[in-house]
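These are my notebook entries on a single chain. I record here what I looked up, beginning with the overall fold pattern.

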Amino acid sequence: MTTLYRQWDEFEVTSLHMEDTEVCLVAEKDERVIGFVLGSIIQKHAWTYCYCVWIGVDAPYQRHLVGTRLMEEFRERAEEQGTRIMLADMHMENECVLSRL
């Protein structure tokens, strides 16, 4: 999987997975991880936000709706937690994501 502008931090990944299990998802095929989305629920005053920290899809499975399905499930789970606003950082040259905004 390719990262555009962040470095992996093993502690951050495991911390997110243990704290916000409802919005940390993995896609598998034949017992192999082919994609993931890691997120966090943030409570600020009267608002509940969901922050999409990382999403990644293994290159051979890109453009096969793996990322779309992960994000749909991510959004549904975030809404079940009461979120009304979703935040995400992205690379400005990521045409696939930008075309969906």
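**Entry 1: order of elements.** I read the pattern along the sequence as α-β-β-β-α-β-α. My tally of the secondary structure is three helices and four strands. I note that the model is predicted.

**Entry 2: the sheet.** I looked up how the strands are arranged. The four strands form an open sheet with mixed pairing, in the order E1-E2-E3-E4. E1 and E4 are the edge strands, each pairing on one side only. With direction ignored, I find neighbouring strands of this sheet turned by 25° against each other on average.

Entry 3: I then took E2 and E3, which pair in the antiparallel sense over 10 bridges.

**Entry 4: length of helix H2.** I checked the geometry of H2, which covers residues 66-80. At 1.5 Å a residue, its 15 residues should span 21 Å, and the end C-alpha atoms are 21 Å apart, which agrees.

Entry 5: Which residues of H2 are buried? I list Val 66, Leu 70, Phe 74 and Ala 78. Seen down the helix axis, the buried residues of H2 fall within an arc of 95°, so they line one face of the helix. I recall the general rule here: an α-helix has 3.6 residues a turn, so residues three or four places apart point the same way. On the face of H2 turned away from the buried side, I find the exposed residues Arg 69 and Glu 80.

**Entry 6: what covers H2.** I next asked what covers the buried residues of H2. The cover includes strand E1 (24-29), strand E2 (32-44), strand E3 (47-57) and strand E4 (85-88).

**Entry 7: after H2.** I looked at the backbone beyond the helix. H2 is followed by Gly 82, whose phi is positive, near 90°.

**Entry 8: totals for the chain.** Of the 101 residues, 29% count as buried. I note an accessible surface of about 7,600 Å², of which 50% belongs to carbon and sulfur atoms. Among contacts between residues at least 6 apart in sequence, 54% join residues at least 24 apart.

Technical notes:
Residues numbered from 1 in each chain as written. Predicted model: local features only at pLDDT ≥ 70, side-chain atom pairs only at ≥ 80, totals over all residues. Heavy atoms only, no water. Helix = DSSP H or I, 4+ residues; strand = E, 2+ residues; numbered from the N terminus. Expected span 1.5 Å × (residues − 1). Buried < 20%, exposed > 50% of the residue type's maximum accessible area, 1.4 Å probe, protein only. Arc of directions from axis to C-beta. Contact = heavy atoms within 4.5 Å. Areas by Shrake-Rupley, 256 points an atom, 1.4 Å probe, with all protein chains shown as cover. Pairing = 2+ DSSP bridges. Axes fitted to C-alpha atoms, helices over the stretch in contact; angles between N-to-C directions.
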